[in-house]
Amino acid sequence: GMVIKARELAEKHGWFLPRQFETDANAWIHKETTGPEIVTQFKDKPLNYFFTGYGTGGTLNGVGTILRRDSPDTKIVVCEPDNAPLLY
């Protein structure tokens with residue numbers, strides 16, 4: 001898909017490729033900030049579902065880690081466009 005094409009173009013043209021799919025810092029920042037913020041916002045009410053788009057996986061991984069720990073009844077749903085699949 002898209003990641004393969006990005007690598008191909010970067011190699012062909014000498015372009016910078018940020019490699020956000022390969023860095024642990026991506027999920028880490030969502031685990032440290034976004035996840036706890038969501039849990040705090042839903043402190044006194046149920047969080048039945050958490051929907052997120054799948055791009056690099058950082059939000060899903062980081063927030064999902066926190067929700068599994070602090071809100072284990074929350075269903076986590078990930079979606080992606082059908083014309084740019086990353087989940088196989």
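Predicted model: local features only at pLDDT ≥ 70, side-chain atom pairs only at ≥ 80, totals over all residues.

Let me start with the secondary structure. The chain contains three helices and two strands, and their order along the sequence is α-α-β-α-β. How does the radius of gyration of the chain relate to the globule rule? The radius is 16 Å, whereas the rule gives 12 Å for 88 residues, so the chain is more spread out than a compact globule. The dimensions of the C-alpha trace along its principal axes are about 50 × 25 × 15 Å.

What share of the residues counts as buried? Of the 88 residues, the figure is 23%. The chain exposes about 6500 Å², and carbon and sulfur atoms supply 55% of that area. As for contacts with a separation of 6 or more, 65% of them are between residues 24 or more positions apart.

I now come to the salt bridges. The count for this model is four, and I shall go through several of them.

Consider helix α1, which covers residues 2–13 and holds both Lys5 and Glu8. These two residues are three positions apart, about one turn of the helix, and their side chains form a salt bridge with an N to O distance of 3.0 Å. Lys5 is partly exposed, at 42% relative accessible area, and Glu8 is likewise partly exposed, at 42%.

Another salt bridge joins Arg7 and Glu22, with the closest N and O atoms 2.7 Å apart. Which parts of the chain does this pair tie together? Arg7 belongs to helix α1 and Glu22 to the loop between α1 and α2 (24–41), so the bridge ties together parts that are 15 residues apart in sequence. Glu22 is partly exposed, with a relative accessible area of 45%; Arg7 is also partly exposed, at 32%.

Elsewhere, Arg69 and Asp70 form a salt bridge, and the distance between the closest N and O atoms is 2.7 Å. Arg69 is exposed, with 56% relative accessible area, while Asp70 counts as partly exposed at 39%. Returning to the shared partners, salt bridges join Arg7, Arg19 and Glu22 into one network.

Finally, I would draw your attention to two residues.

Is Ser71 buried or exposed? Ser71 has a relative accessible area of 17%; the cut-off for buried is under 20%, and therefore Ser71 counts as buried. Ser71 is situated in the loop between α3 (58–70) and β2. The side chain of Ser71 makes a polar contact of 2.5 Å with that of Thr74. Leaving aside residues up to four places away in sequence, Ser71 touches Leu47 and Ile66.

The second residue is Val77, in strand β2, which comprises residues 75–79. Val77 is partly exposed, with a relative accessible area of 26%. Which residues does Val77 touch, not counting those up to four places away in sequence? They are Tyr49, Phe50, Phe51 and Thr52. Phe16, by comparison, lies 61 residues from Val77 in sequence, and their C-alpha atoms are 32 Å apart in space.

Thank you for your attention.

Definitions and conventions:
Residues numbered from 1 in each chain as written. Heavy atoms only, no water. Helix = DSSP H or I, 4+ residues; strand = E, 2+ residues; numbered from the N terminus. Buried < 20%, exposed > 50% of the residue type's maximum accessible area, 1.4 Å probe, protein only. Contact = heavy atoms within 4.5 Å. Polar contact = N/O pair within 3.5 Å; in protein donor to acceptor, adjacent residues only side chain to side chain. Rg over C-alpha atoms; globule rule 2.2 N^0.38 Å. Areas by Shrake-Rupley, 256 points an atom, 1.4 Å probe, with all protein chains shown as cover.
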